[in-house]
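Take a look at the entry below, then read on.

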Amino acid sequence: MTQLPSSHSQDQKADALRYALLLDWGTRIGLISLVISFAAYMFGLLVPHVPLDQLPMVWNQPAKTFLQQTGTPTGWGWVRLAHKGDLSNLIGIALLAGCSIPPLLGLIPLYLKRRDFLYAGICGLITIVLVLAASGLLTGGH
Amino acid sequence: MFAPPRPPLDVQVPLWAWRRLGLLLLLIFALPAFAADSVVPASTMPWWFWPLALFATCFLIGIVAVPAGIGGGTLFVPIIGGFFPFHLDFVRGAGLMVALASALAAGPMLLRGGLSSLRLALPLALLASISSIGGALLGLALPASVIQTALGLIVLGIVTLMLVSKKSEFPVVSQPDRLSSALGIHGVFVDGASGRSIDWQVHRTPVGLLLFLAIGVMAGMFGIGAGWANVPALNLLMGAPLKVSAGTSGLVLSLVDSSAAWVYLNRGAVLPMVAVPSVVGMMVGARIGARLLHVLKGSVIRKMVIALLLFAGIRALLKGLGLWV
């Protein structure tokens with residue numbers, strides 16, 4: 001195999017360390033939020049939208065039927081009910097689903113500094129895809 | 001003696017064989033229609049038993065999934081869908097979150113250890129993220145039993161591919177293709193098992209990009225992540241070392257599953273009571289699994305991948321056909 005220039009390896013290491021740092025923190029914040037909200041849900045500190053003892057009667061139904069029977073909204077409609085014990089957990093889930101965005105944005109200045117416009121553009125495009133998916137505009141969530 | 005006339009070259013397959021093949025295909029595509037696809041029988045256990053059981057099961061799945069180089073969702077969906085009382089919609093929604101959480105938990109450690117390459121992952125993840133949104137929309141529109149049947153066939157096909165291929169721990173890539181050279185996709189990693197420093201590069205990048213476009217569709221459609229397809233594509237097709245393939249697969253998964261997960265979340269198919277104990281159990285287990293990846297030999301990881309994929313594939317196929325519901 002070919003001998004690689006050391007600067008390439010050092011650049012890759014720097015990119016990986018920055019991405020890892022931001023991803024690690026995003027994952028931790030999402031996980032902590034998830035654990036706290038789930039504990040509040042389980043111990044009854046927050047009143048759930050669907051009572052715990054009634055869940056077994058609806059969690060075996062298709063999602064569409066579950067939403068109709070429980071009056072749970074689709075898209076970002078859950079934010080209005082985020083004070084409810086069960087739906088408060090979606091904050092942590094949304095944080096986990098979105099925690100790749102800060103590391104991608106964090107890489108762009110590194111690539112631009114090295115005039116690596118191609119990879120800066122790729123990071124920007126992935127970010128746009130994730131934001132569009134989260135918005136529900138592409139997925140019919142609204 | 002009478003010699004029977006030889007059949008013409010273009011009619012070598014007898015009619016009865018075609019009939020049997022037709023019957024088999026009919027059964028494969030018709031049986032899912034009779035598979036249990038709507039309401040799952042209610043459980044007699046108290047409600048609190050199920051989140052505890054989910055946590056314990058996902059902790060164990062998380063330990064084995066990361067060294068195997070597959071998303072935890074690949075194992076999660078058949079196991080939880082088969083033995084827990086939740087509807088498949090919520091199992092698939094939680095499965096994507098589990099696959100995502102597994103990849104996120106292991107990602108930073110794999111990046112710091114040099115086992116995951118951003119330059120390899122980002123172009124592939126861009127295409128796969130876009131297509132996973134389309135796949136998720138398609139998957140939520142199709143009957144679950146049809147998806148399960150197709151999934152089982154695909155996974156068993158990958159198992160066959162991995163069994164046939166012999167050289168994959170350190171594939172020989174004599175010449176990188178022009179696209180991978182232009183993108184600067186190459187690197188160095190230190191194999192923890194042997195202590196060797198290994199330079200790697202890839203080839204067949206254009207085909208790899210197209211394949212990841214298809215992988216994204218499948219990841220979103222089946223709601224199980226895509227590690228089972230990522231590792232063979234990176235390792236067998238593009239020629240990345242097995243450990244780099246497994247590590248980079250996790251990074252691609254974290255981006256592809258994020259896109260697909262948003263679709264499930266927006267459609268109300270993520271139930272916190274199913275998703276949260278699963279995600280937390282998987283993340284704790286995955287951190288232990290990521291440590292094993294740095295220490296275990298590549299051949300051990302390969303055997304684990306094949307065994308886990310075989311089980312997941314058979315389970316999905318039988319469930320889709322309604323033979324093991």
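B:Gly95 sits in helix α4 of chain B, which covers residues 88-112. Helices here are DSSP runs of H or I with at least four residues, strands are runs of E with at least two, and both are numbered from the N terminus. This is a predicted model, in which local features need pLDDT of at least 70, side-chain atom pairs count only at pLDDT 80 or more, and totals for chains, interfaces and linings use all residues. Residues are numbered from 1 along each chain as its sequence is written, while chains are lettered from A and ligands numbered from 1 in the order in which they are written.

**Around B:Gly95**
- B:Gly95 is buried, with 32 other C-beta atoms within 10 Å.
- Buried means 20 or more such atoms within 10 Å, exposed means 12 or fewer, and partly exposed lies in between, with C-beta atoms placed from the backbone.
- Setting aside neighbours within four places in sequence, B:Gly95 is in contact (C-beta atoms, placed from the backbone, within 7 Å) with B:Gly73, B:Phe76, B:Val77, B:Gly223 and B:Ile224.
- The C-alpha atoms of B:Gly95 and B:Ala193 are separated by 31 Å, and these residues are 98 apart along the chain.

**Chain A: fold and shape**
- Chain A has six helices and zero strands.
- From the N terminus on, its order is α-α-α-α-α-α.
- Chain A is more spread out than a compact globule, because its radius of gyration is 20 Å, well over the 14 Å that the globule rule gives for 142 residues.
- The radius is taken over C-alpha atoms, and the rule is 2.2 Å times the number of residues to the power 0.38.
- The C-alpha trace of chain A spans about 65 × 30 × 30 Å along its principal axes.

**Chain A: packing**
- In chain A, 37% of the 142 residues count as buried.
- Among chain A contacts with a separation of 6 or more, 68% come from residues 24 or more positions apart.

Conventions. Two residues are in contact if their C-beta atoms, placed from the backbone, lie within 7 Å.
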